[in-house]
Structures are given as C-alpha cells and as structure tokens.
Amino acid sequence: MQVVIIAVLSANGKIARFGSSKIDWNSKDDLEWFKRKTKEIGIVVCGRKTFETFNGPLKDRINIVMTHNPKKNGPENLIYTSDQPDQIIHFAEKLGYTRLAVIGGREVFTLFMNFVDELYLTYEPIFIDGMDLFDVSKDIKLNLVNIEMLGEDFVVHYRVQK
Ligand SMILES: NC(=O)c1ccc[n+]([C@@H]2O[C@H](COP(=O)([O-])OP(=O)(O)OC[C@H]3O[C@@H](n4cnc5c(N)ncnc54)[C@H](OP(=O)(O)O)[C@@H]3O)[C@@H](O)[C@H]2O)c1
C-alpha cells in the first residue's frame with residue numbers, strides 16, 4: 001500500500017489561511033488536477049474539519065473522514081471513523097486499493113507523516129499568512145520524482161526516503 005499526500009500550498013508553503021477554513025486561493029487547474037488524481041487513486045482520507053469545507057463527499061471516490069465522534073455513515077461512499085492511520089491503511093488494503101490519498105488538513109497530514117510514501121504538492125503563486133502542511137518533529141528526506149507544469153502552478157512529486 002502506497003500512502004500519498006496530496007496538498008496545495010501557497011508559494012510560502014501554507015495550506016490554509018489562519019481563521020478561514022475554505023481554500024479560496026487555488027486555481028481551477030489545481031482543482032481539476034486534484035479531482036483527476038484522487039479519482040485515479042479511488043480512496044481518500046481527511047479530517048472532519050476539512051470534510052466540512054466540501055459540498056458533501058467527493059464523487060466516485062471512497063471518502064474516509066477521521067473524527068473522534070463517528071456519525072452514522074451514508075451515502076455509501078462516506079465513512080466516518082475514529083480508527084487511526086495504521087487501521088485506515090489496513091482497511092483500504094482490505095477493500096483492494098493499492099494507494100490511499102491523504103488530503104488533509106494539517107492534523108491528518110501530521111498523523112500520516114510516519115506512513116507516507118509519496119507527496120504531490122501543488123504550488124500556487126500567492127503568499128498567505130497561514131498554517132503549515134504538518135508539524136515536523138524530525139527531518140524527512142525526500143527524492144524529487146517529477147515536476148509538472150499546471151498553467152500558472154506546478155506540481156512537485158516527491159518520494160519519501162525510507
Ligand atoms: N491546502 C490543502 O491542500 C489543504 C487540504 C486539506 C485541508 N486544508 C485546510 O486545512 C484546514 C483544516 O485542517 P485542520 O488541521 O484544522 O483539521 P483536519 O485535519 O481537517 O481535521 C481535524 C479533525 O480530524 C479529527 N481527528 C484528528 N485527529 C484524529 C485522531 N487521531 N483520531 C480521530 N479523529 C481525529 C478531529 O475531528 P473531531 O473534532 O470531529 O473529533 C479533528 O478535529 C482547513 O482550513 C482546510 O481548508 C488544506
């Protein structure tokens with residue numbers, strides 16, 4: 001199982017404005033890229049706060065939402081869970097997926113950092129005052145796999161050195 005972080009960052013490496021939950025500074029190109037990549041992977045995991053910024057579950061993908069207070073599930077592609085990353089990875093494997101897309105926010109990126117194999121980071125041409133991708137408690141070394149131009153953005157694909 002490959003654990004893949006997908007995130008959009010400002011040019012100064014922030015994932016969200018302080019005090020504002022919804023991302024309103026990323027491009028249409030990034031939204032389309034995110035849709036394409038997460039559909040290709042088929043299953044996403046996010047935190048409850050991030051999920052609340054969506055207009056319901058992402059279509060054509062299994063949505064796993066981490067919360068300490070799991071609610072009743074439904075529609076069928078939406079699963080609230082208090083499971084932790086190792087259990088969620090195991091669950092995705094049991095469903096037959098080979099990759100799991102971790103799509104935020106900061107708390108959930110931080111929880112999955114010990115399990116991550118790859119990252120796709122889209123950089124937007126803007127500086128914002130906001131939160132970092134995740135809490136870094138130790139160095140994490142990366143290898144650059146590819147850089148893809150995306151209109152005014154670019155997507156950096158990294159692999160984590162194990
Ligand atoms: N730029 C990007 O790519 C990107 C991507 C995603 C999100 N974001 C931004 O990130 C921000 C949200 O990030 P965030 O860090 O505040 O919140 P988050 O990670 O989206 O969600 C946090 C919530 O996840 C649940 N959770 C956290 N740890 C858990 C654990 N160990 N077990 C079970 N549930 C757990 C809790 O839900 P309960 O409170 O229900 O227990 C917690 O309140 C938003 O502004 C969003 O727009 C940016």
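Isoleucine 15 touches Ala7, Leu9, Gly104, Gly105, Arg106, Gly130, Met131 and Leu133, leaving out residues up to four places away in sequence; two residues are in contact if their C-beta atoms, placed from the backbone, lie within 7 Å. This is a predicted model, in which local features need pLDDT of at least 70 and side-chain atom pairs count only at pLDDT 80 or more, while totals for chains, interfaces and linings use all residues. Residues are numbered from 1 along each chain as its sequence is written.

**Isoleucine 15**
- Isoleucine 15 is part of strand 2 (residues 14–17); helices (H or I, at least four residues) and strands (E, at least two) are DSSP runs, numbered from the N terminus.
- Isoleucine 15 counts as buried because it has 21 C-beta neighbours inside 10 Å.
- A residue is buried if 20 or more other C-beta atoms lie within 10 Å of its own, exposed if 12 or fewer, and partly exposed in between, with C-beta atoms placed from the backbone.
- Aspartate 129 is 114 residues from isoleucine 15 in sequence, and 9.6 Å from it in space, C-alpha to C-alpha.

**Nonpolar cores**
- A nonpolar core is a set of buried Ala, Val, Leu, Ile, Met, Phe, Trp, Tyr and Cys residues joined through C-beta atoms within 7 Å.
- The largest has 33 residues, of which Val45, Leu100 and Val102 touch the most other members.
- A second, separate core has five residues, among them Val8, Leu9, Ile15 and Ile23.

**Around the ligand**
- The ligand is surrounded by 26 residues, and the closest are Ala16, Gly47, Thr50, Gly104 and Gly105; a residue counts here if its C-beta atom, placed from the backbone, lies within 6 Å of the ligand.
- Two or more residues of this shell come from each of strand 1 (2–10), strand 2, strand 3 (43–47), helix 2 (48–51) and helix 4 (106–112).
- Helix 4 gives the most, with four residues.
- The shell holds ten nonpolar, eleven polar and five charged residues.
- Ala, Val, Leu, Ile, Met, Phe, Trp, Tyr, Cys and Pro count as nonpolar, Asp, Glu, Lys and Arg as charged, and the others, Gly among them, as polar.

**Backbone exceptions**
- Most residues other than glycine have a negative phi, and most peptide bonds are trans.
- Glycine 104 and glycine 105 are joined by a cis peptide bond, with omega about 0 degrees.
- Glycine 105 sits in the loop between strand 6 (99–102) and helix 4.
- Aspartate 60 has a positive phi, near 60 degrees, and lies in the loop between helix 2 and strand 4 (62–66).
- Aspartate 60 counts as exposed because it has 10 C-beta neighbours inside 10 Å.
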